[in-house]
Amino acid sequence: MEVGIATCDTSRQELDTSKFVHDPDLVIYFGNGDFLTHGVAQINKFAPEAVVLGCTSGGQIQNDTSIESQFSAASIKFSSTRVKAAKCEIRDSQSSKAAGQEIGRQLASEDLACVIIISDGLATNGSELASGISAELGPNTVVVGGLAGDGDRFEKTLVGFGDDLQTNMVVAVGLYGKDLNVSHGSRGGWQTFGPKRLVTRSQDNILYELDGHPVLDLYEKYLGDDAAGLPSTALLFPLQIVDPDVPGSEVVRTILNIDREKKSLIFAGNIPHGWVAQFMNASHHNLIEGATMAAKDAAKERSDGELAILISCIGRKLVMNQRAEEEVEVVSDILNGIPQIGFYSYGELCPSEKGGKTRLHNQTMTITVLSEKV
Amino acid sequence: MTHKLLQRQLGKSRKADGSLDFDRFCELVDEAYEDLYRDQTRTKHSVTFVSEELEKLNAELRDSASELKEKNSWFRAAIDNMSQGICLFDSNQQMLVSNDQFALIYGLKPEQMKVGLALEDLLGLRAENGIYHGEASKQYIASCLGRATDTNPSRMVHKLNNGQEVEIIFQPLISGGFMSTHSDITEKLASEKKIKKMARYEDLVYVDTLTGLSNRVKIQEELDRAVELGRQNQSDVALFFIDLDGFKEINDTLGHQSGDSVLIEFSRRLNGFANQDIVAGRLGGDEFLLVVHNVSNLANLEEIAKLICHSASEEIRAGQNTITISASVGIAVSRAGKKGSSTLLQNADIALYRAKSEGANNYLFFEEQMDAEAKESRRLAKCLKSAIPKDQFLLHYQPQIDFKSGNIVGYEALVRWEHPLLGLVPPIKFIELAEKTGQICELGEWVLRTACNYAVTWPGHETVSVNISPIQFKQQNIAELVANALDESGLDPRRLELEITESVFIQNSSDVINVFENLCEMGVSIALDDFGTGFSSLSYLSQFRFDKLKIDKSFIDDIGFDQEDTAIVSMIIGLGRSLNTVVIAEGIETLQQHNLLSISGCSQGQGYLYGKPEPRILDLEHSQFHKSA
């Protein structure tokens with residue numbers, strides 16, 4: 001397996017394709033800004049035979065940095081692993097499950113080892129997408145990925161397939177063969193604080209009331225002056241939700257949008273009625289500790305990874321700002337400096353534990369390490 | 001050792017030639033400080049807000065805790081003061097709550113009743129106390145444990161060794177577990193038994209055992225109550241006095257069993273009228289009462305009376321027999337309870353009596369006039385009692401003429417009552433009364449003896465006719481009575497004629513005919529009186545050969561004027577001729593009547609034309625009627 005990573009920062013207008021491997025099987029890219037369309041064209045021109053997919057983001061990660069580059073791409077050439085691409089329209093959050101199932105059906109095969117999936121960041125209910133694809137694929141396939149981002153604007157996300165870039169699309173690549181090794185880790189580092197509150201009114205991924213009070217009022221009170229920056233500033237206080245009847249069912253949810261009229265919040269995943277919610281917050285130190293734990297989980301089984309895909313939540317970047325690079329650095333240190341590529345997302349997809357079903361995570365650093373047996 | 005962030009900031013501030021871009025560096029440092037400040041502010045804000053919120057929640061919690069404490073004390077007081085024992089168990093069969101009464105019932109100490117006590121241990125404690133023992137205890141514990149997991153409510157009654165009976169109700173809870181209530185029902189069961197006993201006793205005291213209607217005592221109470229309520233509510237009360245017509249004959253002819261069947265069936269029909277305002281009861285025999293509260297109008301009462309008469313007239317099956325009866329009804333009303341229950345009963349009785357005397361199968365409302373007549377009748381009845389001992393009766397004799405010879409052939413003895421104050425009381429007033437009171441027997445016997453004794457003194461051989469009441473046939477041995485009278489007087493039996501009416505055959509006709517035959521053997525002759533007025537069944541004419549048929553006065557009155565009457569008279573005369581029986585017409589007052597009858601072939605006559613009834617018979621020389629006269 002060979003990996004070559006190319007980036008394009010704001011000072012340059014060209015992607016340095018010389019960093020790419022020759023004749024790659026797969027190119028994954030993340031970017032934003034005006035350069036995006038040009039970058040995608042450059043990749044397709046360089047590797048017309050490769051599966052090319054990517055998305056807009058809240059910032060790129062490459063190797064040990066998360067500088068505000070415009071664009072970054074990883075080209076991968078496998079020695080024996082086969083690749084196959086899939087795509088599907090995702091009209092709205094209600095069609096998320098069906099889209100997940102459709103992708104699953106397109107890629108399903110006995111030797112499917114891993115699926116990397118990327119979906120529209122605003123139209124997707126990540127929980128449903130994950131549940132849809134998991135339903136179609138067996139336990140031997142690891143599904144990882146994320147929801148596209150749009151900086152801290154939450155206005156429009158694009159997903160790319162070949163030279164096509166669209167909203168309302170979900171794309172995926174299936175990696176086939178027995179030689180591929182996949183390991184993963186996903187941790188947040190956030191801590192709960194304040195009272196536990198009951199979800200008293202919600203529908204799918206829309207939360208209306210906690211303890212009988214409109215949830216938007218509560219967020220505005222907690223955010224104080226930051227409330228002006230909603231919805232992105234809501235990322236400062238993600239929610240941990242837990243099914244009170246199922247210990248260990250804790251998941252973290254971040255906000256995608258708000259509805260001032262209905263005083264509701266729209267999350268990246270479901271907020272089931274009757275679950276218990278609690279605010280979370282984090283210091284830089286906590287978040288870096290979370291990333292450390294995720295890297296250690298990913299490196300637990302193998303220390304000879306060849307590529308790490310880092311998908312970190314936009315909320316982390318908002319909190320850490322200049323220090324966001326630190327979490328990328330610590331991951332790189334733990335993974336022995338192997339090539340890293342990734343982006344700041346609106347939601348991360350990854351199993352919670354080895355062999356588990358893929359779930360939507362929020363506010364995590366989610367790491368997938370790939371390698372091929374020699 | 002430089003801070004990682006500073007290292008990065010320095011790195012990002014290098015110019016292309018490697019020198020430091022101081023402005024860029026300052027910018028980055030400034031931004032970092034700003035970040036830090038914003039973080040601190042944000043944290044402070046959220047911490048303040050959380051602590052405010054928590055304080056608020058805490059205060060709410062404190063309030064609700066103290067409210068809960070207070071409510072708990074009320075709850076405690078409430079359950080400890082309940083008469084039932086209560087026990088609440090969770091789904092793990094551990095006790096959550098129990099009350100003092102529970103401990104008391106099973107002789108447990110309050111300190112044993114700890115929260116968290118396992119159900120099995122509790123049952124063990126109860127067993128240790130010797131409340132129950134041996135196998136019973138094991139069975140009981142097993143049954144309680146079974147019920148503890150049952151999702152349906154259940155009930156059991158457990159008898160303790162000390163004789164107490166405890167009713168236990170298991171009520172499963174939605175949250176799992178169950179609540180059991182324990183009531184000492186020893187006294188309740190005992191009083192239930194007592195009440196059942198009393199109810200049986202009350203049945204005996206108040207219910208007519210044959211018909212199931214209220215009995216005499218109960219219906220009298222109902223009547224008293226109705227009158228009292230009428231007085232209180234200013235509402236009208238009515239009383240129906242109902243009597244079955246000819247019921248005695250059913251008992252006599254078909255037996256008491258059939259009679260009972262009639263009473264039961266009629267009672268069932270009568271009870272069909274009962275509702276919240278109407279109560280039916282049996283006074284005794286074939287007499288019934290219907291007490292009606294809140295009478296709105298007399299038309300309704302009349303409607304009820306009609307329906308009673310109608311329902312009585314429908315056929316009744318009694319074993320093999322189908323019986324048809326009728327009922328007579330007397331109705332009295334008490335306006336706003338002004339008439340007491342005894343007056344009401346008396347009035348209804350009078351109305352009933354009148355209804356019966358007007359032909360039965362009928363109803364009549366009581367009227368004050370009836371009361372006056374009834375009073376008169378009661379007074380007469382009272383006087384009648386002492387009339388024989390006081391020798392107030394006398395006999396008048398009316399001659400009977402043979403049409404052919406014109407000779408007096410006999411006299412009819414007619415009883416008269418001469419009361420010192422009332423004067424001469426007409427027979428129509430006292431005969432029926434005497435029949436009703438039963439005095440007719442004594443009177444009849446006196447008439448028979450007196451007539452025989454007098455007739456024996458007559459110089460000629462005229463017959464003497466004596467009327468015998470059907471009541472006498474029923475209650476007396478007529479043959480023996482006649483034999484004694486003849487014996488005592490020494491009268492030739494051929495000179496004695498007994499006049500009987502058709503109604504005597506309502507009784508067992510074969511018995512009556514036996515008596516006739518006995519009398520006939522003695523030589524006494526028998527005349528059928530009032531012929532043509534009764535039910536005139538000719539069947540008994542074939543069973544017994546009467547010596548004489550007597551045409552009633554009512555046919556004679558209009559003979560020659562009324563075509564029907566004339567035809568009937570001719571028919572009777574013809575009948576007599578074919579049966580070879582003497583026919584006598586009574587009530588002849590005119591010569592024209594005499595001539596018509598004579599021409600028609602009638603044998604004998606009686607009436608004012610020939611002579612009024614007189615205390616003494618006519619002298620011999622006058623004892624002949626001449627057509628020329």
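Reply: In this predicted model, strand 2 (residues 26–31) and strand 3 (residues 51–56) of chain A run parallel and are joined by six bridges, strands being DSSP runs of E of at least two residues and helices runs of H or I of at least four, both numbered from the N terminus. Within this pair, Leu26(A) has Val51(A) of strand 3 as its bridge partner. The two strands belong to an open, mixed sheet of six strands in chain A, ordered 1-5-2-3-9-10, where two strands count as paired if DSSP finds at least two bridges between them. Strand 1 (2–8) and strand 10 (164–166) of chain A are the edges, each pairing on one side only, and from one strand to the next the twist averages 15 degrees (axes are lines fitted to C-alpha atoms, for helices over the stretch in contact, with angles from 0 to 180 degrees between N-to-C directions).

Residues are numbered from 1 along each chain as its sequence is written, while chains are lettered from A and ligands numbered from 1 in the order in which they are written. Local features need pLDDT of at least 70 and side-chain atom pairs count only at pLDDT 80 or more, whereas totals for chains, interfaces and linings use all residues, and side-chain values use heavy atoms, with hydrogens and water left out.

Elsewhere in chain A, Glu220(A) and Arg260(A) form a salt bridge whose closest N and O atoms are 2.7 Å apart, the rule being a side-chain nitrogen of Lys or Arg within 4 Å of a carboxyl oxygen of Asp or Glu. Since Glu220(A) sits in helix 4 (residues 215–223) and Arg260(A) in the loop between strand 19 (255–259) and strand 20 (264–267) of chain A, the pair ties together parts that are 40 residues apart in sequence. The loop between helix 4 and strand 17 (239–242) of chain A holds Pro231(A), which is joined to Leu230(A) by a cis peptide bond with omega of about 5 degrees.

Turning to the interface, 20 residues of chain B are in contact with 24 residues of chain A, contact meaning heavy atoms within 4.5 Å. The two chains bury about 1,800 Å² between them, 50% of it on carbon and sulfur atoms (the accessible area, with a 1.4 Å probe, that two parts lose on being put together, summed over both). Arg8(B), Arg42(B) and Phe49(B) supply 30% of the area that chain B buries against chain A, more than any other three residues. Six salt bridges cross this interface, and Arg8(B) and Glu325(A) meet through their side chains in a salt bridge at 3.6 Å, N to O. Helix 1 (4–12) and helix 2 (22–80) of chain B each give at least two residues to the side that touches chain A, with helix 2 giving the most, 14 residues.

Chain B also has an open, mixed sheet, with five strands in the order 7-8-6-11-12. Strand 7 of chain B pairs with strand 8 (residues 287–295) in the antiparallel sense over six bridges, and Ile278(B) has Val292(B) in strand 8 as its bridge partner. Across strand 6 (236–245), strand 7 and strand 8 of chain B lies helix 7 (residues 216–233), running at about 20 degrees to strand 8. In the loop between helix 7 and strand 6 of chain B is Gln234(B), which has a positive phi of about 55 degrees although it is not a glycine.
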